[in-house]
Amino acid sequence: MTLTNEYEGDLESVEPIDAAHADETTAASTATSKTVGRQVLVLAESEYRLAIRSRWAVALTGIFAAFALGLTTFSGASVSPEGFDRTVASLAVLAVYLVPLVALAFSYDAIVGREESGWLQTLFSLPVSRAWIVLGTALGRGAILASATIIGFGVAGGFLLLEFGLAGFDTYVAFLLSTVALGLAFLAFGVLLSTLAREKTHALGFALLAWAWFVLVHDLLALGILSAFDLPGTALSALLLANPTSVFRALVLGSLGAAGDAGFASVLAEAGLSPGVLLGALLAWIVVPIALAAVAIRRRRV
Amino acid sequence: MQITITDIYKRYGDVVALDGPSFEIPSGSTFGVLGTNGAGKSTLFGLLVGHDRPDGGTIDVGGLDVEEAGHRVRERVGFLPEHSGFPGSLTGREVLSTHARIRGLENRDERIEEVLELVGLTDAADRAVSGYSNGMGRRLGLAAALLPEPPVLVLDEPTAGLDPRGVTAFHDIVTRIGNETDTTVVLSSHVLSEVESLCDHVAILHDGRLHASGSVESLCATGDTVTVSVATTNPSARARLLEELQLRVEELEVVHRDGSSDRLEVRCDRSRAFDLVAHLESDLVEHFEVREPGLEAAFHRAVEGGSMADESAPDGHKLRGETAHAEGDAIPAEVGR
């Protein structure tokens, strides 16, 4: 049996396996897995280091902390323990606008930017699959974005914790983790756009369009469709799942009991999708774009 | 490690980048791929390291087909792309460390020190790459390519954009690698003198086709034509010289240099050159020289005269009407493929 990678020829010829060679094959397979793991980690670490040195990490953390603290200060003042939920609802509205924008801004040049600097050509010349280059890049940047989100929004959470104590803090933790997932979904989408774009300016344009679509247009359009037509519940679910920000809102609002939002958000709360399905959808919004980017990069000509 | 390129074909849309060149790159040689811009050099190198897939033909590196085993080929090939670059905030040492770790090299630190010393970047190793000059960046790229001690080193336009000192430094390193190791060095360039001084074998590409290949010595020795160059600053002497030369040779090329000095160049048979020089009036001539045909002449002859025979074409892929040529044999001009 011969396996041939359609694009790169990265998979080597595999001889027929008999029992005598089984151990050897297993050992070789383990070695290959270790190699792949090592390569992905090196690439991720490299991306992480570059983001730290370019001060992206500090900037992202600062942006999240500033907005979260500002909103917490104004929406959380003189509130009762129920105010914890209300603050989370306010932060969720902020996160829907801010986090996708920041994630796309941080990721749109992940691949195309590296090509313009010549680093991608250098990496392509190494014995590492292009798919792992995408994965390593996404992991490195994802780690930065996740840390920045946790620290930035965590600072606000710390203040809330001091004010309200532990009661209701689990809601904030759920919000924080959902925000990380939302950021990673848009980061993954940005990496995909960056892989498909031929130039950095194109990638930036696509990223802004994607932000406008998911954050501004999609919900308005969905609301219009829902009010114009008598659609079944599955259509509502499909509309919800087709947008990571809608999934995020449904997830956070679900944990809050649909408090504190209006418009499409109230429709989302009625969709009745379980937190497990919503989490799965958000996870799919992270994994699928990365997988598509890993396939698309094999066609990329440098 | 020998490289065999067989009928390789690549097109991008309507543009045919490579139109079936076939040649062999001998193991341990320093091989130059010559061609004008758009000749197909970078496309060929991209295919050689598996950056892209050919639409036809094969490239075999030490018994491995690049299309089927690109990953394993890249383990054996150190490649310096034409447009290579490194993240500016990393130091030179960190760049090399990243390469070494991706490649899984065991004696990393030791090897990094060796290549840094070889390319003369030891003192700058801990500086951020953003502070490197263009030449230092190219040398860092070369160091990265050399890290795994590859049996094949591929350099795409390695000295493009370098200042004269950078070019000289790079030439010295490549010469050392060629002389002191068994590495097969393949480099592309459109600087003929560079290829002539560094390489022992060469292939000339034009419009994606192979127009000549073989040892530099054999290509340069092609034909009996030599160039006689006569210089004078005296306008009246120049006119007389011109008349005199026109009486004796049919092909005459006049080169004006800076307006202050005129040089008359004549291409003629070797046997006639001595006769010509003997009949020049010495009071008219300030300087003269007789030049053997170099790679420049071979290049122009190959490009203008269509394909030339390939002394190292793989079996079954000889150029039309070709017979095998021994090293140093004259390579006749032939009709293009």
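This is a short chat about a predicted model with a chain A and a chain B.

Visitor: How confident is the predictor in chain B?
Guide: Chain B is part of a predicted model, and its average pLDDT is 80, with 85% of the residues scoring at least 70.

Visitor: Which elements of chain B have the lowest and the highest mean pLDDT?
Guide: The lowest mean in chain B belongs to strand S13 (residues 252-257), at 56, and the highest to helix H3 (residues 92-103), at 95.

Visitor: Where does pLDDT stay under 50 in chain B?
Guide: Over residues 308-337 of chain B. The model has 80 contacts beyond four places in sequence for that stretch.

Visitor: And the complex, what ipTM does it get?
Guide: The predictor gives an ipTM of 0.79, and a pTM of 0.79 as well.

Visitor: Back to H3(B). What span should it have?
Guide: At 1.5 Å a residue, the 12 residues of H3(B) should span 16 Å. The end C-alpha atoms of H3(B) are 17 Å apart, so the two values agree.

Visitor: How many of the residues of H3(B) are buried?
Guide: Nine of the 12, so H3(B) is mostly covered. Among the buried ones are Gly92(B), Glu94(B), Leu96(B), His99(B) and Arg103(B).

Visitor: What comes just after H3(B)?
Guide: Gly104(B), which takes a positive phi of about 75°.

Visitor: Glu94(B) was on your list. What does its side chain meet in a salt bridge?
Guide: The side chain of Arg49(A), at 3.7 Å from N to O. The count between chain A and chain B is three salt bridges, along with 12 residue pairs in polar contact, both residues at pLDDT 80 or more.

Visitor: Which elements of chain A give two or more residues to that side?
Guide: On the side of chain A that touches chain B, they are helix H1 (19-53) and helix H5 (119-124) of chain A. H1(A) gives the most, with nine residues.

Visitor: How much area do the chains bury between them?
Guide: Chain A and chain B bury about 3,000 Å², 55% of it on carbon and sulfur atoms. The contact takes 31 residues from chain A and 31 from chain B.

Visitor: New topic: His51(B). Where is it?
Guide: His51(B) is in the loop of chain B between helix H1 (41-48) and strand S5 (56-61).

Visitor: Is His51(B) buried or exposed?
Guide: His51(B) counts as buried because its relative accessibility is 10%, and buried means under 20%.

Visitor: What does it touch?
Guide: Leaving out residues up to four places away in sequence, His51(B) touches Gln121(A), Phe124(A), Ser125(A), Arg130(A) and Val302(A), plus Gly46(B) and Phe79(B).

Visitor: And how far is Gly70(B) from His51(B)?
Guide: Their C-alpha atoms are separated by 8.5 Å, and the two residues are 19 residues apart along the chain.

Key
Residues are numbered from 1 along each chain as its sequence is written. Chains are lettered from A and ligands numbered from 1 in the order in which they are written. Side-chain values use heavy atoms; hydrogens and water are left out. Helices (H or I, at least four residues) and strands (E, at least two) are DSSP runs, numbered from the N terminus. Buried means under 20% relative accessible area, exposed over 50%, partly exposed in between (1.4 Å probe, protein chains only). Contact means heavy atoms within 4.5 Å. pLDDT is the predictor's confidence in each residue, from 0 to 100. The expected span of a helix is 1.5 Å times one less than its number of residues. Buried area is the accessible area (1.4 Å probe) that two parts lose on being put together, summed over both. A salt bridge is a side-chain nitrogen of Lys or Arg within 4 Å of a carboxyl oxygen of Asp or Glu. A polar contact is a pair of N or O atoms within 3.5 Å; within protein, one must be able to donate a hydrogen and the other to accept it, and residues adjacent in sequence count only if both atoms are side-chain atoms.
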